[in-house]
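Please look at the sequence and the structure below before reading on.

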Amino acid sequence: MMNLKEIVGINLKYYRYKSGLSQEKFYTSLGLNPKYLASVERGEENISFDYVEDLAKRLNVDINDLILFDEGHIINKKRVDEKKKINN
């Protein structure tokens with residue numbers, strides 16, 4: 001069973017990726033440390049609810065979209081590579 005850190009990380013990565021932004025570009029534009037947020041996306045670090053709420057607003061999603069598990073939001077290297085092949 002996944003914990004909340006992992007779920008938020010998966011969803012955060014999904015919606016950031018869906019917006020077409022790199023970690024560096026997105027988090028730097030928010031004044032946040034990209035390396036720290038990369039570890040949040042991997043489910044390794046805690047993030048405050050204030051940041052989760054702010055990130056949801058910046059990504060134009062409801063906060064529930066970041067805290068509720070959706071298996072379809074799991075992005076792995078294979079899916080990213082497949083998407084690149086389709087777009088080329």
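## Basis of the report

The structure is a predicted model, in which local features need pLDDT of at least 70 and side-chain atom pairs count only at pLDDT 80 or more, while totals for chains, interfaces and linings use all residues. Residues are numbered from 1 along each chain as its sequence is written, and side-chain values use heavy atoms, with hydrogens and water left out.

## Overall fold

The protein chain has six helices and zero strands, giving the pattern α-α-α-α-α-α along the sequence. Helices (H or I, at least four residues) and strands (E, at least two) are DSSP runs, numbered from the N terminus.

The protein chain has 88 residues, and 34% of them count as buried. Buried means under 20% relative accessible area, exposed means over 50%, and partly exposed lies in between (1.4 Å probe, protein chains only). A contact means heavy atoms within 4.5 Å. Among the contacts in the protein chain with a separation of 6 or more, 62% are between residues 24 or more positions apart.

The accessible surface of the protein chain is about 6,100 Å², and carbon and sulfur atoms account for 50% of this surface. Accessible areas come from the Shrake-Rupley method with a 1.4 Å probe; for residues, only the protein chains shown count as cover.

## Helix α1

Helix α1 covers residues 4–18, which makes 15 residues. From its first C-alpha to its last, α1 reaches 21 Å, close to the 21 Å expected at 1.5 Å a residue. The expected span is 1.5 Å times one less than the number of residues in the helix.

At the N-terminal end, N3 caps α1, with a side-chain oxygen 3.0 Å from the backbone nitrogen of K5. Just after α1, G20 has a positive phi of about 80 degrees. The buried residues of α1 are I7, V8, G9, I10, N11, L12, Y14, Y15 and R16. These buried residues pack against α2 (23–29), α3 (34–41), α4 (49–58) and α5 (63–67).

## Helix α3

Why is α3 described as largely enclosed by the rest of the structure? The reason is that six of its eight residues are buried. The buried residues in α3 are P34, L37, A38, S39, V40 and E41, and they pack against α1, α2 and α4.

N33 caps the N-terminal end of α3 through a side-chain oxygen that lies 2.8 Å from the backbone nitrogen of K35. Just after α3, G43 takes a positive phi of about 75 degrees.

## Charged pairs

Side chains of opposite charge can pair when their charged atoms come close. A salt bridge is a side-chain nitrogen of Lys or Arg within 4 Å of a carboxyl oxygen of Asp or Glu. The structure holds three salt bridges. One of them joins E41 and R16, whose closest N and O atoms are 2.7 Å apart. This pair links distant parts of the chain, since E41 is in helix α3 and R16 is in helix α1, 25 residues apart. Both E41 and R16 are buried, and R16 has a relative accessibility of 7%. Not counting residues up to four places away in sequence, R16 touches L21, S22, Q23, F26, Y27, E41 and L59.

E44 also forms a salt bridge with R42, with the closest N and O atoms 3.1 Å apart. E44 counts as partly exposed at 47% relative accessibility, whereas R42 counts as exposed at 51%. The side chains of D54 and R58 likewise meet in a salt bridge (3.7 Å, N to O). Because D54 and R58 are four residues apart in helix α4, they are separated by about one helical turn. D54 is partly exposed, with a relative accessible area of 29%, and R58 is partly exposed at 47% relative accessibility.

## A nonpolar surface patch

Which residues make the nonpolar surface patch of about 230 Å²? The patch is made by M2, F69 and I74. Patches consist of residues with over 30% relative accessible area and no salt bridge; like charges are joined within 9 Å, and nonpolar side chains (Val, Leu, Ile, Met, Phe, Trp, Tyr) within 5 Å. M2 lies in the segment before α1 and is partly exposed, with a relative accessible area of 32%.

Technical notes:
Polar contact = N/O pair within 3.5 Å; in protein donor to acceptor, adjacent residues only side chain to side chain.
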